[in-house]
Amino acid sequence: MTTSKISNRLIHEKSPYLLQHAYNPVDWWPWCEQAFTKAKAEDKPIFLSIGYSTCHWCHVMAHESFEDQEAAGLLNENYVSIKVDREERPDIDSVYMSVCQALTGSGGWPLTIIMTPDQKPFYAATYLPKHSRWGNTGLIEVLNAIDGLWKNDRKKVLQAGEEITRYLNGEEKSSGGSKDDPGKELFLTAATQLKRSYDKTWGGFGRAPKFPMPHNLIFLLRHSVYEKDESAREICESTLRHMYRGGIYDHIGGGFSRYSTDEKWLVPHFEKMLYDNALLSYAYLEAYKITREPFYQSAARGILGYILETLTDKDGGFYCGEDADSEGVEGKFYVFDRDEITQILKEDAPFYCQWFGITNEGNFEGKNILNLINNHDYEKKDEKIITLSRKLYDYRLKRTELHKDDKILTSWNGLMIAGMAKGYQILLDEVYLQAARDAQAFIEETLTDKEGRLFIRYRDGETGHDGQLDDYAFYAFGLLELYQACFEVSYLQKAVSICEKMIGLFFDEENGGFYMYAHDREKLISRPKELYDGALPSGNSVAAYVIGKLYHLTGEITWQEILNKQLKWMGREAQTSPANHSFTLLAFQTVLYSHTQLVAVSSQPGTQKELTILKREVPTDIDIIFKTPENEVLLSKIAPFTKDYPIDSEKSQFYLCKNGTCLKPVDYISQLKEAIESISS
């Protein structure tokens, strides 16, 4: 039995999910050709485990089984074992999660797959205890049973693998839904579906556990504006407020946990993820722009401040997140008992405890999760509370450690760049713009190869894995928000380049839709196209959104042609359940509702800042192209129509258009505001 460290061939992967088990008795292989060659040579099936670094049950199964001598002996003797981090290889996770859902009707992590050396799966499960218990089959029993089948009834196993592989590829080729182009009824249906699942008491959708789902909220916010639907806006506002007041928001350190285990957002699963906070910051910022209520600005600043202080690498990239556990106990880092707070805050403790609902009995396993659920003054900015919270924050950092997942993922960084850039657009705080710039520079310098292709992740000085659809789509989304924040044409140019590569590598020219992994990279048993918007929006929906934005900004017909194909495919796929495709609906909103564009031409200093302030102040969402003597040559290559807009050395000129109809140009920002108000009414 192998009892040494994992082979050096694995250590180079630098994944926390791999490295945390560096002393496992199992000789894990990474996902590579050698693993399948070894399986064929030794005539063994493949045992695949997929998880991620902050997954609680991934840790449990690893400790309970993969670090156990008995289980390791069976795996080493009868299987070739592969361990994959889903955040680094989302394509593998997507393919085999589809297998699990097809075979079991559900999915989750850790994901357990057993397959032939030809990568054809015939068994799937999620968490498996070491031995069978409470009606759940154990890993030992599974390994022994499948070993028996593999040796004594191979034909049955191979037939099952062939059937599930045919099913996957047949499902991929099928396409449901109407062939007609969807219209605004798609939005009305989605809004109705979300309203039906809305929790009128505590906000959010459905029953516990509750996930924030910020792209649902962003869709409803924009829907409320386009359709003047006050109930949609009320749903968003109520949900955003209830989430903030609950324990899912960290009232000491800022930022949101991944989800709430109860209906009123009090008890979270304590891990914090970058993507949740990126999208939530975007949602709170949009709410502030629409309502102008200071509460939403404060909430957004709390999220962005947490990212800057805790999840930002010294070189500019953003880390994945923080674990739920400290010293093996979930939530230990975050919770307090009342005596502990009294010891730290002394005479101020009663005031602080009353503010955050802290009691002797506690609200979580005898301790307290800070919350504002019963505090009717939750919107009030109390300087004393802020000072005391900082004191408690400093104490918390020294009390116990919290594991940080310090991978830097291109896709999640793209979303956070968008959140930071949006923060600057709405709040005009330079620190957010600089953070977005720094993260973008990090991706260019560290996660981009000489040909301009992206990698998935960076950690400890090493990059890994060829970029997939989400990396290109989410990064382009961030680049476009960054361009709208500062109007530097290099960001628009980069967005164009990234989207051109995205189309060349992933797009299905015949049927529409983007595949998950590139056509010239390693082939899995199927090549999925994902559209469902889960905790993360799908790469397809974000790709459509950014292509629509590029068409509006550049006027290039090529983008429109790709967009038309993409929207036709998306419309067919989304019609059956539009509420589950909320980011897809954001892409449709850009073409089915009126669109406002501004071409600003100026050689005058200060115009850029004036445009930024204007974008913040006007209620209408405007895409702005800014032409100057310094960028006119490059801009004319990206957006050829801008050649026809002359630069006057004496004054600025602003050309405002709505749905392809342009107003008479004006020379002053004050006139431009009046023009915007006239077309918005």
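Q: Is Met115 buried or exposed, and what is its relative accessibility?
A: A quick reminder before we start: we're looking at a predicted model. A residue counts as buried when its relative accessible area is under 20%. Met115 comes out at 0%, so it counts as buried. You'll find Met115 in strand 3, residues 111-115.

Q: Which residues does Met115 touch, leaving out those up to four places away in sequence?
A: Among them are Trp31, Phe36, Tyr96 and Phe122. Pro45, Ile46 and Leu48 also touch Met115, and so do Lys120 and Pro121.

Q: What should I look for in the backbone at Gln119?
A: Gln119 has phi near 70°, which is a positive value in a residue other than glycine. Gln119 lies in the loop between strand 3 and strand 4, and it counts as buried at 12% relative accessibility. Now look at Arg292, where phi is near 65°, again a positive value in a residue other than glycine. Arg292 is in the loop between helix 12 and helix 13, and with a relative accessible area of 32% it is partly exposed.

Q: Where does a cis peptide bond turn up?
A: Omega is the angle to read here. The cis bond joins Ala208 and Pro209, with omega about -5°. Pro209 sits in the loop between helix 9 and helix 10.

Q: How do I describe two packed helices?
A: You give the angle between their axes and the distance between the axes. Take helix 14 (residues 338-345) and helix 16 (residues 383-399): they pack at about 110°, with axes 10 Å apart. Helix 14 and helix 16 are therefore roughly perpendicular. The contact uses Glu340, Ile341, Ile344 and Leu345 from helix 14, and Leu388, Lys391, Leu392, Tyr395 and Arg399 from helix 16. As for handedness, helix 14 passes helix 16 in a right-handed crossing.

Q: How do helix 11 and helix 13 pack?
A: Helix 11 (residues 230-245) meets helix 13 at an angle of about 50°, and the axes are 11 Å apart. That makes helix 11 oblique to helix 13. On the helix 11 side, the contact is made by Glu237, Leu240, Arg241 and Tyr244; on the helix 13 side, by Phe295, Tyr296 and Ala299. The crossing of helix 11 past helix 13 is left-handed.

Q: How many aromatic pairs are there?
A: For aromatic pairs, you look at how far apart the ring centres are and how the planes are angled. Rings pair if their centres lie within 6.5 Å, and by this rule the count is 33. One of them is Tyr282 with Phe477, a tilted pair at 5.7 Å centre to centre and 45° between the planes. This pair links distant parts of the chain, since Tyr282 is in helix 12 and Phe477 is in helix 19, 195 residues apart. Both Tyr282 and Phe477 are buried. There is also an aromatic cluster, formed by Tyr244, Tyr249, Phe256, Tyr284, Phe295, Tyr296 and Tyr378.

Q: Which charged end sits over the ring of Tyr306?
A: Here you check where a charged end lies relative to a ring. The charged end of Lys272 sits over the Tyr306 ring, 4.1 Å from its centre. Arg399 has its charged end over the ring of Phe336, 4.3 Å from the centre.

Terms used. Residues are numbered from 1 along each chain as its sequence is written. This is a predicted model: local features need pLDDT of at least 70, side-chain atom pairs count only at pLDDT 80 or more; totals for chains, interfaces and linings use all residues. Side-chain values use heavy atoms; hydrogens and water are left out. Rings of Phe, Tyr and Trp (its six-membered ring) pair if their centres lie within 6.5 Å; planes under 30 degrees apart count as stacked, over 60 as edge-to-face and the rest as tilted. Helices (H or I, at least four residues) and strands (E, at least two) are DSSP runs, numbered from the N terminus. Buried means under 20% relative accessible area, exposed over 50%, partly exposed in between (1.4 Å probe, protein chains only). A charge sits over a ring if NZ of Lys or CZ of Arg is within 6 Å of the ring centre and within 35 degrees of the ring normal. Axes are lines fitted to C-alpha atoms, for helices over the stretch in contact, and angles run from 0 to 180 degrees between N-to-C directions. Angles under 35 degrees count as roughly parallel, over 145 as roughly antiparallel, 65 to 115 as roughly perpendicular and the rest as oblique. A crossing is left-handed if the near helix is turned anticlockwise from the far one by less than a right angle, and right-handed if clockwise. Contact means heavy atoms within 4.5 Å.
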